[in-house]
Amino acid sequence: MASERLPEATILGTRVHGPTLAQTVDRFAEWIDRRDGWCRSVVVTGFHGLWVGHQDPEFRAMINGADLFCPDGIAPIWLSRLHGRPLPGRVPGADIMAAFLKRAETEGYRSYFYGDTEQTLQTLMMEIGRRFPGAPVTGALSPAFRPLSDAEEAEHVAEINASGADILWVGLGCPKQERWIARNKHRLTVPVAVGVGAAFRFQAGMVRRAPGWIGDAGFEWLFRLAAEPGKLWRRDLTEGPRFVAAALADAWRVRSRLSRMSGRR
C-alpha cells in the first residue's frame, strides 16, 4: 500500500514533514513489514536541528535526505504557519518511542537502542520491561564518548544487524545522531533508524518531561533549561534568539514572495 502523502514545510532550507503520532508509527510499521532490505532514516528534532542545518549546508543536505522529518518542538509548527503551510503539531521523540513500543507489544516489532550511557540504557531496559512487557528488545549499546574509528563503527553496525532488530533507536544527541545514521545507513539492514536525542532519558525516567500543555504553549525549552541548565543554557539562550531572528526573516521572505506571485495572477 502506498504511503499517505504528508504535509510539508520548508524552514531555513530544511524540509519538515507533518505527520501525526499515529501516522508516524504507521509509517514505521509499513517500512518494517515491507522487508525490502532498505534502511529508512528518521530525523526527530526542533529548532536545534534546523539551526545547525542553517549554519551547515552539508548537515542540511543530510537531514533533507532523511525519509521522514518529525518536528519534535513547537518552533517548526509555528514557523510552518507563518510560511502558510501549517503542520498538524509536534511529534516528540519520547512520544514516538512510547507509541511504537506499545504497538510492538502486539506486533512483535524488535527494538535496538544505541547511545547514551550504560546507566541510562540499564534503567531504560528496566522501564521498558515494566511499562511495555511484551515489546521485544534485541540489544542496547553505549558507544564510547569520543570519535569512533570506522572499524569501531563497522563493528557496532554488524552487532546491530546481527541482532535482527526491526527498528534502531539512536540517542546520541543532535547533530551527532543524524550524522551517525547518515554515515552508516548504507550498511544497516535494520528497516528503520530513528534519532531521538534525549528520549532515552525521558523514557528511563531520569529526566522529567514537561507537561504536554507546556510544550504546546512553546515553553518546553524553559522547562528543560530549568531541569538541565548546565547542558542547555548555551544552546537555548545564545542560539535560540539567533534562530528566531533568522527563521522569522526566512518566513517573511517566503510570504513576500508568495504575495508577489499572487499579485501577478
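Visitor: On what basis are the values given?

Guide: In this predicted model, local features need pLDDT of at least 70 and side-chain atom pairs count only at pLDDT 80 or more, while totals for chains, interfaces and linings use all residues. Residues are numbered from 1 along each chain as its sequence is written, and side-chain values use heavy atoms, with hydrogens and water left out.

Visitor: Are H1 and H5 oblique or roughly perpendicular to each other?

Guide: Helices (H or I, at least four residues) are DSSP runs, numbered from the N terminus. Helix H1 (residues 21–34) and helix H5 (residues 93–107) have axes 10 Å apart at an angle of about 55°; axes are lines fitted to C-alpha atoms over the stretch in contact, and angles run from 0 to 180 degrees between N-to-C directions. Angles under 35 degrees count as roughly parallel, over 145 as roughly antiparallel, 65 to 115 as roughly perpendicular and the rest as oblique. H1 is therefore, relative to H5, oblique.

Visitor: Which residues of H5 make the contact with H1?

Guide: Contact means heavy atoms within 4.5 Å. On the H1 side, the contact involves Leu21, Thr24, Val25, Asp26, Phe28, Ala29 and Ile32. The H5 side consists of Asp95, Ile96, Ala99, Phe100 and Arg103.

Visitor: Which residues of H8 make the contact with H3?

Guide: Helix H3 (residues 57–64) packs on helix H8 (residues 176–184) at about 65°, with axes 10 Å apart, and the two are therefore roughly perpendicular. H3 contributes Phe59, Met62 and Ile63. Their partners in H8 are Glu178, Arg179 and Ala182.

Visitor: How many charged residues are in the contact of H7 with H8?

Guide: The axes of helix H7 (residues 150–162) and H8 come within 11 Å and cross at roughly 80°, which makes H7 roughly perpendicular to H8. Glu153, Val157 and Ile160 of H7 meet Trp180, Arg183 and Asn184 of H8. Ala, Val, Leu, Ile, Met, Phe, Trp, Tyr, Cys and Pro count as nonpolar, Asp, Glu, Lys and Arg as charged, and the others, Gly among them, as polar. The contact has three nonpolar residues, one polar, and, as charged residues, two.

Visitor: Is Cys70 buried or exposed?

Guide: Buried means under 20% relative accessible area and exposed over 50%, with partly exposed in between (1.4 Å probe, protein chains only). Cys70 has 0% relative accessibility and therefore counts as buried.
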